[in-house]
Amino acid sequence: MQQHLALVTLLVEEYDEAIAFYTEKLHFSLLEDTPLSETKRWIVVAPPNSTGCSLLLAKAATEQQAAYIGNQTGGRVFLFLYTDNFWRDYHQMKSNQIQFVREPKEEPYGIVAVFEDLYGNLWDLLEPATK
């Protein structure tokens with residue numbers, strides 16, 4: 001049996017502002033934007049040249065869902081963005097006004113810093129250590 005994660009749902013307030021953040025600030029690719037109804041769209045974004053898991057941007061449809069926007073993991077880092085060049089991406093993100101809440105640090109597993117997305121979800125930007 002072969003399995004893999006394909007999508008992770010990320011709750012958002014508005015589709016277009018989320019698309020703009022991920023495509024313009026993080027330079028993700030917009031892989032799909034399909035209307036499903038007058039109020040619902042199927043929107044998939046992924047880091048450039050990614051062949052792994054993608055994000056499904058899902059507009060909160062209820063008050064309960066809206067309460068979790070920006071805090072989908074109870075304040076812990078939610079997503080891990082791996083890179084082959086930490087400093088290139090870190091400086092690009094800083095120039096795009098991405099807010100880092102933990103500055104770069106060398107760890108045994110690589111160089112890492114924590115940033116927030118447009119809603120406050122925490123992400124690791126991580127260049128894994130070479131073995």
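Me: Where does Gly70 lie?
Reply: Gly70 is in the loop between α2 (63-66) and β5. Helices (H or I, at least four residues) and strands (E, at least two) are DSSP runs, numbered from the N terminus. This is a predicted model, where local features need pLDDT of at least 70 and side-chain atom pairs count only at pLDDT 80 or more, while totals for chains, interfaces and linings use all residues. Residues are numbered from 1 along each chain as its sequence is written, and side-chain values use heavy atoms, with hydrogens and water left out.

Me: Is Gly70 buried or exposed?
Reply: Gly70 is buried, at 14% relative accessible area. Buried means under 20%, exposed over 50%, partly exposed in between (1.4 Å probe, protein chains only).

Me: What is Gly70 in contact with, beyond its neighbours within four places in sequence?
Reply: Tyr119, Gly120 and Asn121. Contact means heavy atoms within 4.5 Å.

Me: How many Å separate the C-alpha atoms of Gly70 and His91?
Reply: The separation is 23 Å, for residues 21 apart along the chain.

Me: What is the phi of His27?
Reply: Phi of His27 is near 60 degrees, a positive value in a residue other than glycine. Most residues other than glycine have a negative phi. His27 sits in the loop between α1 (15-25) and β2 (29-35). His27 is partly exposed, at 39% relative accessible area.

Me: What about Gln97 and its phi?
Reply: Gln97 is not a glycine, yet its phi is positive, about 60 degrees. Gln97 is in the loop between α3 (86-95) and β6 (100-107). With 60% relative accessibility, Gln97 counts as exposed.

Me: Sheets now. In what order do the four strands of the open sheet run?
Reply: The order is β1-β4-β3-β2, with mixed pairing. Two strands pair if DSSP finds at least two bridges between them.

Me: Why is one side of β1 and of β2 left without a neighbour?
Reply: Both stand at the edges of the sheet, each with a single partner strand, so one side of each has no neighbour there.

Me: How are neighbouring strands of this sheet turned against each other?
Reply: By 25 degrees on average, direction ignored. Axes are lines fitted to C-alpha atoms, for helices over the stretch in contact, and angles run from 0 to 180 degrees between N-to-C directions.

Me: Which way do β1 and β4 run, parallel or antiparallel?
Reply: Parallel, joined by six bridges. Val12 stands opposite Lys59 in β4.

Me: And β2 with β3, parallel or antiparallel?
Reply: Antiparallel, also with six bridges. A hairpin of five residues connects β2 to β3. Pro35 stands opposite Arg41 in β3.

Me: How many bridges between β3 and β4?
Reply: Three, in the antiparallel sense. Val44 has Leu56 in β4 as its bridge partner.

Me: Which strands does α1 lie across?
Reply: α1 lies across β1, β2, β3 and β4, and runs at about 155 degrees to β4.

Me: On to the core. Which residues touch the most other members of the largest nonpolar core?
Reply: Tyr22, Leu55, Leu57 and Phe115, out of 30 residues. A nonpolar core is a set of buried Ala, Val, Leu, Ile, Met, Phe, Trp, Tyr and Cys residues joined through side-chain atoms within 4.5 Å. The largest share of this core, five residues, comes from α1.

Me: What does Leu57 touch?
Reply: Its contacts include Leu10, Val12, Tyr15 and Tyr22, not counting residues up to four places away in sequence.

Me: Last bit, the whole chain. How many helices and strands?
Reply: Three helices and eight strands. From the N terminus on, they run β-α-β-β-β-α-β-α-β-β-β.

Me: What is the radius of gyration of the protein chain?
Reply: 15 Å, close to the 14 Å that the globule rule gives for 131 residues, so the chain is as compact as a globular protein of that length. The radius is taken over C-alpha atoms, and the rule is 2.2 Å times the number of residues to the power 0.38.

Me: What share of the residues is buried?
Reply: Buried residues make up 36% of the 131.
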